[in-house]
Amino acid sequence: MGLINTIFGNSSEMSIEKLQEEYGPLLCSGEKIEKAYRLIRDKWIFTNKRVILQDVQGVTGKKREYQSIPYGSVVRFSVETAGTFDMDSDLKIWIKGCEQPLEQKLGKDVNALELQRVLADHVL
């Protein structure tokens, strides 16, 4: 489903073990990656303390922006699961001081309810 998700602009789940090593320098003491999703070169990473959004820029992909969103800044969130004929699930996260939510389409193979649980565990 990875190629199909990419074609339709949907994110796919990633292996946490590789990311824990790659993102080690960005993580604070005691922080662990719980879930991670990739859309082409960009990533949404959910740790036990925050959400990290990685935006890879430029032709070579060497320029990267990391946006860090502490769970305490999340006002509300929604997860819409894929239906019978849908190819994707939808994730929306509203941040304090922002009218528009951060939005991401997730592939049908992503367990949207599990992602909702991770957010609920840290936001509520």
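# Briefing: a covered helix, paired strands and salt bridges

The residues of helix H3 that are buried have a cover that includes strand S2 (33-39), strand S3 (42-47), strand S6 (74-80), strand S7 (88-95) and strand S8 (102-107). This is a predicted model. A search of the whole structure finds five salt bridges.

**Helix H3**

- H3 covers residues 112-123, which makes 12 residues.
- At 1.5 Å a residue, H3 should span 16 Å.
- Ala 112, Leu 115, Val 118, Leu 119 and Ala 120 are buried in H3.
- An α-helix has 3.6 residues a turn, so residues three or four places apart point the same way.
- Arg 117 and Asp 121 are four residues apart in the helix, so about one helical turn separates them.
- Arg 117 is partly exposed, at 42% relative accessibility. Asp 121 is partly exposed too, at 49%.

- Strand S4 takes in residues 50-57 and is mostly covered. Six of its eight residues are buried.
- On one side, S4 pairs with S3 in the antiparallel sense, over four bridges. Here Trp 44 stands opposite Leu 53 of S4.
- S3 and S4 make a hairpin, with two residues between them.
- S4 also runs antiparallel to S5, joined by eight bridges. Val 56 stands opposite Arg 64 in S5.
- S4 and S5 make a hairpin as well, with five residues between them. Gly 58, in that turn, has a positive phi of about 80°.
- Lys 63 belongs to strand S5, residues 63-70. Is Lys 63 buried or exposed? Its relative accessibility is 57%, over the 50% cut-off, so Lys 63 counts as exposed.
- Beyond its neighbours within four places in sequence, Lys 63 is in contact with Asp 55, Val 56 and Gln 57.

- S7 is mostly covered, with seven of its eight residues buried.
- S7 pairs with S6 in the antiparallel sense, over six bridges. Lys 92 in S7 is the bridge partner of Ser 78.
- S7 pairs with S8 in the antiparallel sense, also over six bridges. Asp 88 stands opposite Gly 107 in S8.
- Six residues lie between S7 and S8 in their hairpin. Gly 97 is in this turn and has a positive phi of about 85°.

- Side chains of opposite charge can pair when their charged atoms come close.
- Lys 43 forms a salt bridge with Glu 22, and their closest N and O atoms are 3.4 Å apart. The pair links distant parts of the chain, 21 residues apart: Lys 43 is in strand S3, and Glu 22 is in helix H2 (residues 16-22).
- Which of these two is buried? Lys 43 is, with a relative accessible area of 4%. Glu 22 counts as partly exposed, because its relative accessibility is 41%.
- Glu 31 forms a salt bridge with Arg 50, the closest N and O atoms being 2.7 Å apart. This pair also links distant parts of the chain, 19 residues apart: Glu 31 sits in the loop between H2 and S2, and Arg 50 in strand S4.
- Glu 31 and Arg 50 are both buried.

Key: Residues are numbered from 1 along each chain as its sequence is written. This is a predicted model: local features need pLDDT of at least 70, side-chain atom pairs count only at pLDDT 80 or more; totals for chains, interfaces and linings use all residues. Side-chain values use heavy atoms; hydrogens and water are left out. The expected span of a helix is 1.5 Å times one less than its number of residues. Buried means under 20% relative accessible area, exposed over 50%, partly exposed in between (1.4 Å probe, protein chains only). Contact means heavy atoms within 4.5 Å. Two strands pair if DSSP finds at least two bridges between them. A salt bridge is a side-chain nitrogen of Lys or Arg within 4 Å of a carboxyl oxygen of Asp or Glu.
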